[in-house]
Amino acid sequence: MARLLLFSLPGLVAICAVHGIFMDRLASKKLCADDECVYTISLSRAREDYNAPDCRFINVKKGQQIYIYSKLVQENGAGEFWAGSVYGDDHEDEMGTLGYFPSSVVEEQHVYQEATKEVPTTDIDFFCE
């Protein structure tokens, strides 16, 4: 079943028909550098490999660089997860892959902006295609 989603970025509105599912939320709040969570917080490097358990997460290879966009606020003893993007080895992967991963598998190397804005998560934060 196709779902219609409305994406809105400053100056751009797109309606997309997509197939996918809304997964359980990992947290109800996230920390970002801005109210829309579009600015990069930091650049990190993976200390170890991580295999994604489901479509909300991304696979990470040791040594890979990851751009961090938000950090989920821990709830009920859950692990600490960050949202970021990784890029493949070939330069054709311009969009990168966006998803969650445990903060414990990376080391922040450069902080661009502090994640001081607490923003509620939405269903789209955990949507899987």
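Begin by selecting K71 and E108: in this predicted model, their side chains are joined by a polar contact of 3.2 Å. K71 lies in strand β6. Is K71 buried or exposed? Its relative accessibility is 15%, and because buried means under 20%, K71 counts as buried. Next, display the surroundings of K71. Setting aside residues up to four places away in sequence, K71 touches K30, L31, I41, F81, W82 and E108.

Now select β7, which pairs with β6 in the antiparallel sense over five bridges. Within this pairing, Y67 stands opposite S85 of β7. Of the six residues in β7, six are buried. Both faces of the strand are covered, with F81, A83 and S85 on one side and W82, G84 and V86 on the other.

From β7, proceed to β8. These two strands run antiparallel and are joined by six bridges. Select W82 to find F101 of β8 opposite.

The tour then turns to the largest nonpolar core, which has 18 residues. Select Y50, V60, I66, L72, Y100, F101 and V106, the residues with the most contacts inside this core. The elements giving two or more residues to this core are β6 (65-72), β7 (81-86) and β8 (97-102). Which element gives the most to this core? That element is β7, with four residues. In soluble globular proteins, nonpolar side chains tend to be buried together.

Finally, select V60. Apart from its neighbours within four places in sequence, V60 is in contact with A46, E48, D49, Y50, I66 and F101.

Key
Residues are numbered from 1 along each chain as its sequence is written. This is a predicted model: local features need pLDDT of at least 70, side-chain atom pairs count only at pLDDT 80 or more; totals for chains, interfaces and linings use all residues. Side-chain values use heavy atoms; hydrogens and water are left out. A nonpolar core is a set of buried Ala, Val, Leu, Ile, Met, Phe, Trp, Tyr and Cys residues joined through side-chain atoms within 4.5 Å. Buried means under 20% relative accessible area, exposed over 50%, partly exposed in between (1.4 Å probe, protein chains only). Contact means heavy atoms within 4.5 Å. A polar contact is a pair of N or O atoms within 3.5 Å; within protein, one must be able to donate a hydrogen and the other to accept it, and residues adjacent in sequence count only if both atoms are side-chain atoms. Two strands pair if DSSP finds at least two bridges between them.
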